[in-house]
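Notebook open, structure on screen. I'm jotting down what I looked up, in the order I got to it.

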Amino acid sequence: TLTQLSAPQFRQLFASPVAVQRLLAQALTWVQDTGAHGLHLDVEVYEPLPAKTLANYQHFVRQLAARLHALPQPRQLSAFVPIGGEAPLYTPATLALLDGVVLQGYDAHWADSAQAGPVAPLAGTERVTWQAALHQADRWGLPRLRVRMSFPLYGYEWPVRQPAARAATRGQGSTMSFAPLPP
């Protein structure tokens, strides 16, 4: 997995053609040296990006897919695709190059949300729901067999202003998990 969760670092990396080519070479080396069956992109940027930086990232994805698929033992490329963000990292054309897409059907509410609510609603008015994620995949033309839905194994408990569903919060929520977490 190649992970990039910082918008400033993303902008810096994909503004530099030299850095992008270095990352491409390094990614191919990692896959071949480890014998991995593929590579997964976990790139999460939720804010608007400069058009050139976004175009450079999409070019990187096209090059990476082509080179992974052309190896003597072809490798797969998959990506985690956030739903509801402001930065459309992928186009239908770049998504078509991926062997698998993992849709993020969660983060409708988060630790510092102004309103309490479900992290991963199936449907509803939130920008992020499983139903919205699946509709987005359909709009992109993704075959259902290539789509995976991710879900959280956690939630939040917030101090709220009143004991009602979706009440305004009075502070940051505490993470609650399905199993104990290490300190």
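Which residues does Gln104 touch, leaving out those up to four places away in sequence? I'm working from a predicted model here. My list for Gln104 reads Tyr46, Phe80, Val81, Pro82, Ile83, Val128 and Ser150.

Next I checked where Gln104 sits, and found it in strand E4, residues 100-104. Buried or exposed, I wondered about Gln104? Buried: I noted a relative accessible area of 1%, and the cut-off for that label is under 20%.

On to the strands. I took E2, residues 38-43, and asked how many of its six residues are buried. I got five, so I wrote E2 down as mostly covered, buried being under 20% relative accessible area.

What does E2 pair with? On one count, I have strand E1, residues 2-4, running parallel to E2 over three bridges. Within that pairing, I noted Gln4 opposite Val43 of E2. I also have E3, residues 76-82, parallel to E2 and joined to it by five bridges. For His40 I looked up the bridge partner in E3, and Ser78 came back.

I put helix H3, residues 51-70, together with E2 and E3 as a β-α-β unit, and its hand is right-handed.

Methods: Residues numbered from 1 in each chain as written. Predicted model: local features only at pLDDT ≥ 70, side-chain atom pairs only at ≥ 80, totals over all residues. Heavy atoms only, no water. Buried < 20%, exposed > 50% of the residue type's maximum accessible area, 1.4 Å probe, protein only. Helix = DSSP H or I, 4+ residues; strand = E, 2+ residues; numbered from the N terminus. Pairing = 2+ DSSP bridges. Right-handed = clockwise from strand over helix to strand, strands pointing away. Contact = heavy atoms within 4.5 Å.
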